[in-house]
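Here are a few exercises to work through with the model open beside you. Try each task before reading its solution.

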Amino acid sequence: MNTPHGQSPLLEGRQVSKNFGGLAALSNVDFAVYPGEVMGLIGPNGSGKTTLFDCLSRVQEVSAGQIFFKGSEITHKKPYQVAHMGLARTFQVIRVYRKLTVWENMLLSPQWGKITPSQLFKPTSEAIKARARELIGFLLLDHVMDLKAGNLSGGQRRLLEIGMALMPDPDLILLDEATSGVNPTLIEEIKDRIRTLNQQQHKTFLLIEHNIHFISDLCSRVFVLNYGEKLAEGTPAELMENEEVIEAYFGA
Ligand code: ADP
Ligand code: MG
């Protein structure tokens with residue numbers, strides 16, 4: 001069990017708000033993720049989970065509030081700047097280059113920065129190739145390494161996207177619905193890989209997830225968004241007993 005007391009957060013949001021026109025997608029959300037945790041983020045559809053990831057990874061400007069990573073304020077930084085600081089993410093709608101192979105996708109991982117056409121023809125360093133080879137093995141993608149990403153199963157594409165996020169060796173990985181569209185066997189593989197990365201390589205995770213078993217198997221703490229506001233925070237067991245959380249999910 002992680003006890004965050006006495007540690008400083010790896011990632012922290014203070015009063016984070018995001019409006020889209022008249023819609024308050026996030027309202028004054030406070031949260032902290034501590035080094036070494038696997039933290040869950042749950043909430044009904046439309047509750048603001050992906051928008052929070054967009055603000056944290058700096059894909060979206062916040063409307064108000066502050067974000068800190070490793071003790072530095074990153075509220076107005078660019079996505080490539082926070083990527084270089086060690087923050088990586090995946091997307092709810094998988095972003096891989098479908099016409100390129102698994103191997104080529106790994107080498108072109110957008111987490112390294114902006115991809116320009118000329119980069120496609122640049123020689124890749126041995127260090128990058130070695131890292132890609134290691135991750136492809138770790139993620140059990142060896143046998144599909146030369147297949148086009150568009151021909152992978154949903155689960156294999158998720159693993160590839162996780163691999164691409166891991167290329168720059170980040171400290172914190174934000175995963176947006178890593179189990180959606182994934183068959184049960186591969187869900188177990190993804191769970192096992194996350195656990196290994198957390199326990200053996202000390203990677204910290206924040207997971208948006210609908211699969212409650214996945215959450216309760218992996219996460220020490222979870223926070224819940226509802227209509228853009230933080231509804232609750234606690235262990236998975238505590239939240240499953242929380243009337244407000246049950247009502248948010250299943251209605252009155
Ligand atoms: P979740 O990931 O929890 O399902 P989202 O963060 O995707 O929720 O969406 C939260 C709310 O913000 C929804 O009402 C959604 O329609 C709205 N929203 C998300 N992104 C945009 C956008 N780029 N422009 C306008 N509205 C958006
Ligand atoms: Mg979402």
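Glu244 comes out as partly exposed, because its relative accessible area is 48% and the label covers the range between buried (under 20%) and exposed (over 50%), with a 1.4 Å probe and protein chains only. It sits in helix 9, residues 243-250; helices here are DSSP runs of H or I with at least four residues, strands are runs of E with at least two, and both are numbered from the N terminus.

A quick note on the ground rules: this is a predicted model, so local features need pLDDT of at least 70 and side-chain atom pairs count only at pLDDT 80 or more, while totals for chains, interfaces and linings use all residues. Residues are numbered from 1 along each chain as its sequence is written, chains are lettered from A and ligands numbered from 1 in the order in which they are written, and side-chain values use heavy atoms, with hydrogens and water left out.

**Exercise 1. Find which residues Lys191 is in contact with, leaving aside neighbours within four places in sequence.**

- Step 1: go to helix 6 (residues 184-201), where Lys191 is found.
- Step 2: check the cover. Lys191 counts as buried, since its relative accessibility is 6%.
- Step 3: list the partners with heavy atoms within 4.5 Å, which is what contact means. Lys191 touches Phe214, Asp217 and Leu218 in this sense.
- Step 4: Thr179 is 12 residues away along the chain, and its C-alpha atom is 9.0 Å from that of Lys191.

**Exercise 2. Work out which residues are linked with Arg221 in a network of salt bridges.**

- Step 1: apply the criterion, a side-chain nitrogen of Lys or Arg within 4 Å of a carboxyl oxygen of Asp or Glu. The structure holds 15 such bridges.
- Step 2: take Glu37, whose side chain meets that of Arg221 at 2.7 Å, N to O. The pair links distant parts of the chain, 184 residues apart: Glu37 is in the loop between strand 2 and strand 3 (38-42), Arg221 in strand 9.
- Step 3: compare the cover. Arg221 is buried because its relative accessible area is 10%, whereas Glu233 is partly exposed at 37%.
- Step 4: The network consists of Glu37, Arg221, Lys230 and Glu233.
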